[in-house]
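Reader: I would like to learn how to read a protein model feature by feature. Please take me through one.

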Amino acid sequence: MAVLDNLSGFEFEDVVEDVFRNLGYENVRQADRRADEGRDVLMEEIVDGTRRAVVVECKHTETVGRPVVQKLHSAIATFDFDGPKRGMVVTTGRFTQPAEGYVEDLEARDDPYPIELIDGEDLREIADDVGLDLYNGRIEILCDETLRPYDPAASITAPLEEAIGEIQNIDGTDLPTPHTAVTFQPVVEVTAETDAVFETAVGVIHRINQRTEFVTHADRGSPRVADTDVATLVSENLHATVDFDDESLREPFDEVTDQRFGQTETEYKDWAVDQLQRAQTTTVTYTGDNNVTYNKTCEPNRSDISVQSIEAVYLPEVRQTTDLGEYSYPYEYYAAGPSRVTTEDGFHRCVHCETAGSNETYTYCENCGAIACGDHIKTERLTDDPVCTGCAVTETFALKTKYFYDEKNLEAFREEYADMRLHQKAMENPLVAGGGIFLLLTIVVVGVVTIGGAV
């Protein structure tokens, strides 16, 4: 454990905290570092249905003697916990024979506060089980569970077919095969409890008794809280995770990327406590005994916030790119089997303007592959099919602009237009034609009235 020799005592306590959380202990937290009471890490375990407290003393030294173990025994006895208690001493070094003898004596007389000793060799074995990185002394989160990157009961293109279902003039089943990539993003679900009471001379003015759950993106860089819909996707599917190392999860994808967790569990825990401390700080107005109104900022102490669990899982981020004619359309989403949260939808976006969103009607142009909004889609004069303003060839007939797929279609219509009768040509511009008819009727009516008046 030479690498651990370079850690400070407090850094070693961080490592030990991470170790025991990974081993499945509950409510793992560090004791107040300002007090030297022989208690460094506190945690709980369930034994035969009974919750038991475990008080841990961390010693980053070459040898640990009997006095350390005796002090821990006293610390266990005075630790305030409603239930059975035991102790543990963890060291990077070794224990002396008197220390080991003291523990054996406790066991022999069935002492209510037994103590377990974990030396450097034991810690090295535990490291292999929980992912202790011996190169930097950090407890890396080694996650072996992921949400499903696709629905096994449907095709990998099913989300695209559904997304394009509202686009006019195209069938989702006719889509070309997209390029599909998946990135397994690390996330952690944090569960914490806050129990804080704020009192003044007039009594309790504010109380926080709250259980909080939130999901955090946990890749390299600063952690960030996930959006509500992403957090819901993760929380509602944690019961349906699958083996991250299952190669069949990767087979349907053209490209697969794995991202590592960027922090240790202790760092995530400390970050979560900071977040909750800020979020739960509030200013309370109260009236004192002298009938004067006061304002008091109520900020919970870090010790008031207990992180109950940090559950790590991979969240698949799928990006599918579909080439249609001259354009490429990205569709990106977080996946959990048949459920997903869309983060980018290139289908519901006009290629010619800023119009985007599912409330707009979009139409596909077979001529160039554009998906465009109503302002940029016209009717091709010869075929009556949609054509976008970006690729259409235009010419004016009967004072109205007509749209064509290409010069060939335009030339064909020129010939057709040349053979039309006068009234047919006029109907190429219904508005003008309608105005002409209205003008003609007006002349006729005026003429009739004039003749009638003369008679």
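Predicted model: local features only at pLDDT ≥ 70, side-chain atom pairs only at ≥ 80, totals over all residues.

Reader: How many helices and strands does the protein chain have?

Author: The count is 10 helices and 26 strands. Of the 455 residues in the protein chain, 44% are buried. The accessible surface is about 24200 Å², and carbon and sulfur atoms supply 46% of that area.

Reader: What share of the contacts in the protein chain joins residues 24 or more positions apart?

Author: Among contacts with a separation of 6 or more, such pairs account for 61%.

Reader: Take helix 2. How does its span compare with what 13 residues should give?

Author: The general idea is to compare an expected length with the distance between the ends. Helix 2 covers residues 66-78, and at 1.5 Å a residue it should span 18 Å. Its end C-alpha atoms are 19 Å apart, which agrees.

Reader: Which residues of helix 2 are buried?

Author: Val 69, Leu 72, His 73, Ala 75 and Ile 76 are buried. They sit on the same side of helix 2, because the arc they cover around the axis is only 165°. Pro 67 and Thr 78, on the other side of helix 2, are exposed.

Reader: What covers the buried residues of helix 2?

Author: The cover includes strand 3, strand 5 (85-91), helix 3 (97-108) and strand 7 (115-118).

Reader: Now a single residue. Where does Trp 271 lie, and is it buried or exposed?

Author: Trp 271 lies in helix 7, residues 265-279. Its relative accessibility is 15%, and the cut-off for buried is under 20%, so Trp 271 counts as buried.

Reader: Which residues is Trp 271 in contact with, leaving aside its neighbours within four places in sequence?

Author: The list is Phe 214, Thr 216, Pro 223, Arg 224 and Val 225. Pro 223 is 48 residues from Trp 271 along the chain, yet their C-alpha atoms are separated by 7.9 Å.

Reader: Where does Glu 428 lie?

Author: Glu 428 is in the loop between helix 9 (422-426) and helix 10 (430-454). Beyond its neighbours within four places in sequence, Glu 428 is in contact with Arg 381, Ala 398, Lys 400, Lys 402, Phe 413, Tyr 417 and Met 420.

Reader: Next, charged pairs. How many salt bridges does the structure hold?

Author: There are 25 salt bridges. Arg 21 and Asp 18 are both buried.

Reader: Which parts does the pair of Arg 51 and Glu 26 tie together?

Author: Start with the distance: the side chains of Arg 51 and Glu 26 form a salt bridge at 2.9 Å, N to O. Arg 51 is in strand 3 (residues 50-59) and Glu 26 in strand 1 (residues 26-30), so the pair ties together parts that are 25 residues apart in sequence. Arg 51 is partly exposed at 35% relative accessibility, and Glu 26 is partly exposed at 33%.

Reader: How far apart are the closest N and O atoms of Arg 319 and Glu 344?

Author: They are 2.9 Å apart, in a salt bridge. Arg 319 belongs to strand 18 (residues 305-324) and Glu 344 to strand 20 (residues 339-345), so this pair ties together parts 25 residues apart in sequence. Arg 319 is partly exposed, with a relative accessible area of 32%; Glu 344 is partly exposed too, at 24%.

Reader: Last, the cysteines. How many disulfides does a search of the whole structure find?

Author: The search finds zero disulfides. For Cys 350, the nearest cysteine sulfur is that of Cys 353, 3.6 Å away. A disulfide needs sulfur atoms within 2.5 Å, and Cys 350 is in none. Cys 350 is buried, with a relative accessible area of 3%. Cys 391 is likewise in no disulfide, and the sulfur of Cys 368, the nearest from a cysteine, is 3.7 Å away.

Methods. Residues numbered from 1 in each chain as written. Heavy atoms only, no water. Salt bridge = Lys/Arg side-chain N within 4 Å of Asp/Glu carboxyl O. Buried < 20%, exposed > 50% of the residue type's maximum accessible area, 1.4 Å probe, protein only. Helix = DSSP H or I, 4+ residues; strand = E, 2+ residues; numbered from the N terminus. Contact = heavy atoms within 4.5 Å. Areas by Shrake-Rupley, 256 points an atom, 1.4 Å probe, with all protein chains shown as cover. Expected span 1.5 Å × (residues − 1). Arc of directions from axis to C-beta.
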